[in-house]
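Good morning, and thank you for coming. Please look at the chain on the screen while I go through a few of its local features.

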Amino acid sequence: MSKVSEILKQEREKQGLNLEDISKKTKISTNFLNLIESGEIEKLPSYAHAFGFIRNYASFLKLNVEEIENIFKEEFSKEDFGKKKAGIVESEQSNTSNSSSNFYKVFFIAIGVIIVISLIIFLLYKKDSTKEVINKTDNVMQERIVTDNISKDNKSLDNSSAASIDNVSANTKSNEVKIDPEIIAKEVFKKEQDKEKKASKIVSLLFNDICWIHLKADNKTDYDFIAEKDLVKNIGFDNSFKLDIGNAAAVTIKYKDQVIQGLGDYRQPLKNLYFYVNDNDTLVFEK
């Protein structure tokens, strides 16, 4: 285990804190904190991330930040992190792919259930309609037997029966319900879309370097991710959002034609930036 990992873990335990406490205060995920304390620091996304996370961790524990930084620089170099980054990106892409695959599986299962239920209802309706037509035909045939001449009855009955059977077939076909699976699928998908509330405003985050981000929209929806260089992330909100940035110089914020950048220095973390749109439809922020 690395020396910097031992120092941080021992100090946390000495202060009686758990990783969840640290994560809430520093905005560093528990997964990353586990990697740091277990000595697997090189598995973090990049050297910049590791340096920033450990610096924030040490500052929160009220340790000598400069001393911790020096120990970290002695133990690790940028080359230690190059091979691990690709594995993390591939893992994130795999998780996204699996999530999308699960959505389509559930979607098509729902379509299948709807089609089966519709077919059952159709068959029951068709059966009842056929019985009703046959009963009406029998009544007509009985009336003709009573009123018609007995000598012509057999011939009339044969013709009437043939005509009645044709009518039963024609009427039954007219009562058939046509089911179009594509229409049903579109209706189900539309209902799912209607359930999602569309945000009234959109803000774009543009990144010129690696940066970790935590954003809370309208004090209810959290976005926590690591941005790669040249990434553009669009996020919807209605009234306001709070933003934590791991690399202040890496992010540019765009709202309509308005551009906000230069929030801080390179590798400088910023927390609790509060953004809102004023009466002039201008995005403003407070530190």
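N219 is exposed, with a relative accessible area of 60%, where exposed means over 50%, buried under 20% and partly exposed in between (1.4 Å probe, protein chains only). This is a predicted model, in which local features need pLDDT of at least 70, side-chain atom pairs count only at pLDDT 80 or more, and totals for chains, interfaces and linings use all residues. Residues are numbered from 1 along each chain as its sequence is written, and side-chain values use heavy atoms, leaving out hydrogens and water.

N219 sits in the loop between β2 and β3; strands (E, at least two residues) and helices (H or I, at least four) are DSSP runs, numbered from the N terminus. Its phi is near 60°, a positive value in a residue other than glycine. Most residues other than glycine have a negative phi. D218 lies in that loop between β2 (211-217) and β3 too, and has a positive phi, near 55°. Is D218 buried or exposed? D218 is buried, with a relative accessible area of 18%.

Let us turn to helix α3 (residues 30-37), where F32, L33, L35, I36 and E37 are buried. What do the buried residues of α3 pack against? They pack against α1 (3-14), α2 (19-26), α4 (47-60) and β3 (221-227), with contact meaning heavy atoms within 4.5 Å. Just after α3, G39 adopts a positive phi of about 85°.

Finally, I121 belongs to helix α6 (residues 82-147) and is exposed, with a relative accessible area of 53%.
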